[in-house]
Amino acid sequence: MAKPTGFLEIERRDRGYRKAPERVTNYEEFVVPLGDEATAAQATRCMDCGIPFCHNGCPVNNLIPDWNNLVQRGQWQPALRMLHSTNNFPEFTGRICPAPCEAACTLNIDNNPVTIKTVECAIVDKGWQEGWILPQPPTKRTGKHVAVVGSGPAGLSAAQQLARAGHAVTVFEKADRIGGLLRYGIPDFKMAKDLIDRRVAQMEAEGVEFRTRVDVGRDVTLASLSERFDAVILSGGAEQPRDLEVPGRELDGIHFAMDFLTQQNKRVAGDSEPVAAPTGTLTARGKHVVVIGGGDTGSDCIGTSFRQGALSVTQLEIMPRPPEMENKALTWPNWPLKLRTSHAHEEGAGRDFAVLTKKAVGVHGRVEALECVRVEWVRGPGGRMSMQEVPGSALRLQADLVLLAMGFTGPRVPGLVEQSGASLDPRGNVEANDRDYRTNVPKIFTAGDMRRGQSLVVWAIREGRQCARSVDEALMGRTLLPR
Amino acid sequence: MSLVSMIGPRPNLLGHHAGTHYRLEVSQPILTNAELAKIRHISGQIGGAFRAATIDTTWVASEGAGGLEKAVERICREATEAVLAGRNILILSDRAVSAERIAVPALLATASVHHHLIRQGLRTGTGLVVETGEAREVHHFCVLAGYGAEAINPWLAFDTLESLRVTEGMPLSAYEVRKNFIKAIGKGILKVMSKMGISTYQSYCGAQIFDAVGLSTAFIEKCFTGTATTIEGAGMAEIAAETVLRHRQAYGDDLVYRDQLDPGGDYGFRLRGEDHVWAPDTVADLQHAVRGNAQDAYKRFASRINDQGSKDPSGRLLTIRGLMEFRAGTPVPLEEVEPASEIVKRFATGAMSFGSISREAHTTLAIAMNRIGGKSNTGEGGEESDRYVRLPNGDSERSAIKQVASGRFGVTIEYLVNADDIQIKMAQGAKPGEGGQLPGHKVDKNIARVRYATPGVGLISPPPHHDIYSIEDLAQLIHDLKNANPRARISVKLVSEVGVGTVAAGVSKARADHVTISGYEGGTGASPLTSLTHAGSPWEIGLAETQQTLVLNGLRGRIAVQVDGGLRTGRDVVIGALLGADEFGFATAPLIAAGCIMMRKCHLNTCPVGIATQDPVLRARFTGTPEHVINYFFFVAEEVRELMAKLGFRSIGEMTGRVDRLDMRRAIDHWKAAGVDLSRILHQIPAREGVAIWNSERQVHNLERALDMELIAAARPAIEKGERVRITRDIRNVHRTVGTMLSGEVAQRHGHAGLPAGTIEIALRGTAGQSLGAFLAHGITLDLQGDGNDYVGKGLSGGRIVVRQPFGSGRDPSQNIIVGNTVLYGAIAGDAYFQGVAGERFAVRNSGAVAVVEGTGDHGCEYMTGGVVVVLGETGRNFAAGMSGGVAYVYDPAGQFTDLANTAMVDLEKLSTDDPADDPEAPVAEPPSVTDNGMGDPLRFDAQRLRLLVERHARLTGSARARALLADWDRALGQFVKVMPRDYRRAMQELRAERNALAVAAQ
């Protein structure tokens, strides 16, 4: 901390967006970097707290004050090394992480956190640009073989850690491209996909073998992997979407968000329509779109819909409208529940809270409208919140396309999980603790959403790294991989 | 102080060749590589007086941990052989460290050789130089020195600096970088030496003034002979294992350490670094608990701290009490345990000064403690007197504990009478041996007013109390304070260390009502880094020793024992009580409850939560409330109750000193904890009939015998009705602290302003006992014809003291001492005239009093921050050392004063003579009030001011010297020297500029 009064002198300034009318014409990233100098100035605001809450707020425990200090002194390369020492893929988190670190920042006590995520992204982007990020192949091979099933952020970080520790790692992916949700769940305008390709190339050079279009559990049995590999990590995510169980659900035009988003990402990647949409094209063009679910996936559906040419987009959330501002005294440094307005909302979506969908209605098997009712949340005996419909509050929403973005209930059980024989926890996730990540089946480990349920990319990276350490320790008797 | 070190053999002073011996002198002990090379190749130079030998202190990595012990033996053997072979400088070197060779920890190698050679009677035959990659922080150099290193070459530190210089593109030369490092380390070593009261490196070298915490006796005896170790612990095997581990991190292929080392986390929390009790989760849980009054969050907080050594959550071991467990008793129902509202009365908040923390934070703590019947502490910065008046809603912002520290800032008689406890801070657990420091930018107008200082001028509390050089002196100060406020308990704050029990016994015998044993865990964020990690000792060690010593000597019952330093939870309190504490101090935890987030930037005035700052913008960010603090203490008290119910105690009194109910935690799952043995801490002194183990008796202060009893009775009409009274008494040296209890009575009624000048005039004849006129209030004049003793006018609070030559003595006042040492120490207001010479340390830390004296001993006006001192005769050495305010005039006809003054912070000037007499800022004949000594603008009016004071001195004492000077005034004036502190002048000029700017703006 070269400047103790930096936070008093320099205003918080974060990356801006390109204007909405301009950005909705394409699928390119629209966040505008600050540039080296302005980023370094922002890093100067860091106070190098005696207790850096950000460091603990960050699931991968990024050494935030330390690299802020380096950036502010123009030491980008050491900053990059330090950043990579805790996070395999800062270019992913630097784009799509909701930044719990910033929520935990001491300066967030009065709503002016250091732009940690922006600094992180600037460090790693600069690293790629300058050619500082190179493969780090192991100096020694252990002769051990590890299979990673699922190539989302958990699988990728585990694979990279294990490969660098000298193990021969094979990543199996059922889709045609590597990346899991990073590839097909997150729209290109939020994160360009060449970022994944670049990492895949790095990892290949580090010895990781990638095998796409292999659905373990269907194309090959898990048992056969168990035989061939010394350890298997299940990192297949929490793919089971929560469904809308209302009359009319079967109508055409009501789809899960992932089906919709995946098609678009494939189109952007250059796939032909039959490849991108083998079960038929889903598009928002010329339609009134209703997105059910108020989270990040909902936002992604909104942004994609506008880019496809939707007439209108409305987002429904069953929970009441959260406060604009959290009660800092009782939440900081934890992640606050508060109203979050994403870039997608700025693009023109309407939002409604505390709305329950009762029924989908349509003509000729095609959805035309949703019948909804307003709800109230009341605290019942025992403190549990429960929902009550507000009498006389029924409303009807025109809807040509309904996208369900209501979260995920857990991993898909049929196939891989079923075959594994691994026991599930009460929430339906594959059971393992966050110390050793072992399932109850010998040699089988699990990490990421498959173990902890739907979560953030940054949590997946943490789990992948920690799981890799446990695997390494199991295979070698000791490990040098960090937790 | 001096860093000069002598390398090489010590001569036999009684031998035949005494006086012909060569020793190598270095101006300071840190050697550059080049300097070490010179020493290494010194053989053959200087007539062959020196013959150096280098001993390799590394061992082959393939031997693993087992190799350490062998290596140490080999090093010691080689040292013996080298000395016997006539080598008289040994260089212990770990330069050979590599992937294949592990370095013996430099301290272990040094201390082992040092003691090995002592045992063989060979140590004085050789010098010991250490060439090591390990030493980099001040503490490292200090322990090496403490265990015998006469010089140290930190080669890796130099290599690292050079690499940093290049990679960071520093605009400094390699030489400058090295020079800066050496200078910084040298200053650090001096600071540490000063804390221990040692002034030369040669005395410090080999003095081994360290306690070991967590090392086994066998290991200590072998390698660190004579060092105290209380709790046993690791030995050679554990040290070896840890050394190998470190070596592996450095040379292994660990991915994390491929390019750089971990940030470590010693000074700031880092996840993979050193464990800290205060971590993000504990801070957040505590704050959420107190703000939302949420028991569950408190429980989470407490269990994170209490459940140490268990598998879950992380099994972190943090404190010695974490290694303890309770011995079960017969539980009692919770309802039968004394209520929390009673328990909290035993709680106090820590001594954090107003100045170090904001008024908002300070008053929040005070209001909270007053509401629950606990005690808050002023710290050493005085207190604004408006806080003595209750607020309209009944709250009180008055701090129940008034601290008296070495700086004596704001210690007036009014301050003392507004106390329930008066705490003498001998030292501070977090930074023992150091005085407080308030940087100039935190001294705003208000802070300066409360501390009787100058805005913008930094304030330094000297490490020692200048009126305490022995336990008798401490007893005297206790007596003085008791006289100032007989209703208050007098407390002495000590720092936990091996040997503190003896000090505590002395304190109890010195009739203190209360003693605080302060542990190292607590700490201010402003503590210097050198004090943060290796200074102080855990309170468990000091408290146990205190209890044992006091009980053994039958001194426990009459004194209350308080423990502080890192108390956080109810379990901490219970363990403190079982180990012997009656009362409990908390500092950091309540501050965190009020919003502190442990920025550790307290010294920068940039606290973002408005606590450790005086900046109004930042202070506005303070969100703490008394309720937060109260909630915290009640959570703690309820946890205490639950534990008491389980253990079967109904009151804290029953529980105090019941160390038999503590045991060492079995099955501690940590490889380094295996050898720990707490039996010395958990030892219980067998009960004896009539010997209390808790504070159940009272001290006898003998105040009823004081002369002041008569004075108060005689002065009643003055105190109550403002009538003028004249009292005449004979005085003898058994009459100590005369005038102080009377001043307390005055201040009780009339505050700091006291009575109109001269309301109570007391004429005394004879020889006064110590502390004549201590804390004398405004409106009281003591006119002693005779002799004063030590401490005359200590803490003078507005009164006037005149000491004249005894009737018919016929001695020469300019050659004879009339008042003793440490006169006017910490004086704040008032004036004093001594017709004779004062002893040493005259007017030290004077911050506003005016004094005329006819000569002084050494160290006059040291650390002075205000007021005016006139010396009409000779001074001793070191005059004006550390003086940052006020002015002094010294009559110096012989022109010798320049050599006697310490001019590090002051300029010596001619007096100004041509100032206008009718200026509103000119001095006036008599002091207008207790807050205005009538001395005018200190930058001008020297001649007027001096004349006025010399005339007053002549009038009050009849001084012949004064008359003589006045008789030939113009010549005399030219022979006076003005002592002007530079910082003070700057601050005064700034204030004047500000006034002028305001005046212009007003026009």
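This is a predicted model: local features need pLDDT of at least 70, side-chain atom pairs count only at pLDDT 80 or more; totals for chains, interfaces and linings use all residues.
**Tyr632(B).** What does Tyr632(B) touch, leaving out residues up to four places away in sequence? I found Leu286(B), Val290(B), Tyr298(B) and Phe301(B) among its contacts. Leu567(B), Arg568(B) and Thr569(B) are also on the list, as are Phe586(B), Ala589(B), Pro590(B) and Ala593(B).

Next I checked the second largest pocket, which has about 1,200 Å³ of space. Of its 49 lining residues, Thr931(B), Asp932(B), Asn933(B), Tyr984(B) and Met988(B) come closest to the centre. Which element gives the most to the lining? That turned out to be α31(B), with six residues. Strands β25 (780-787) and β26 (797-804) of chain B are among the elements that supply at least two each. I sorted the lining by type and got 18 nonpolar, 19 polar and twelve charged residues.

**Helix α6(B).** Last, I went to α6 (residues 174-195) of chain B: 22 residues, reaching 32 Å from first C-alpha to last, close to the 32 Å expected. Its buried residues include Phe181(B), Ile182(B), Ile185(B), Ile189(B) and Val192(B). Residues three or four places apart on an α-helix point the same way, because there are 3.6 residues a turn. The buried residues of α6(B) pack against α4, β8, α5, α7 and α18 of chain B. After the helix I noted Gly197(B), with a positive phi near 75°.

Conventions. Residues are numbered from 1 along each chain as its sequence is written. Chains are lettered from A and ligands numbered from 1 in the order in which they are written. Side-chain values use heavy atoms; hydrogens and water are left out. Helices (H or I, at least four residues) and strands (E, at least two) are DSSP runs, numbered from the N terminus. The expected span of a helix is 1.5 Å times one less than its number of residues. Buried means under 20% relative accessible area, exposed over 50%, partly exposed in between (1.4 Å probe, protein chains only). Contact means heavy atoms within 4.5 Å. On a 1 Å grid over the protein atoms alone, a cavity is a set of points where a 1.4 Å probe fits but cannot get out, and a pocket is an open set with protein on both sides within 12 Å along at least five of seven lines; lining residues have an atom within 4 Å of a point. Grid points are joined across faces, edges and corners, and a volume is the space filled by probe spheres set on the points. Ala, Val, Leu, Ile, Met, Phe, Trp, Tyr, Cys and Pro count as nonpolar, Asp, Glu, Lys and Arg as charged, and the others, Gly among them, as polar.
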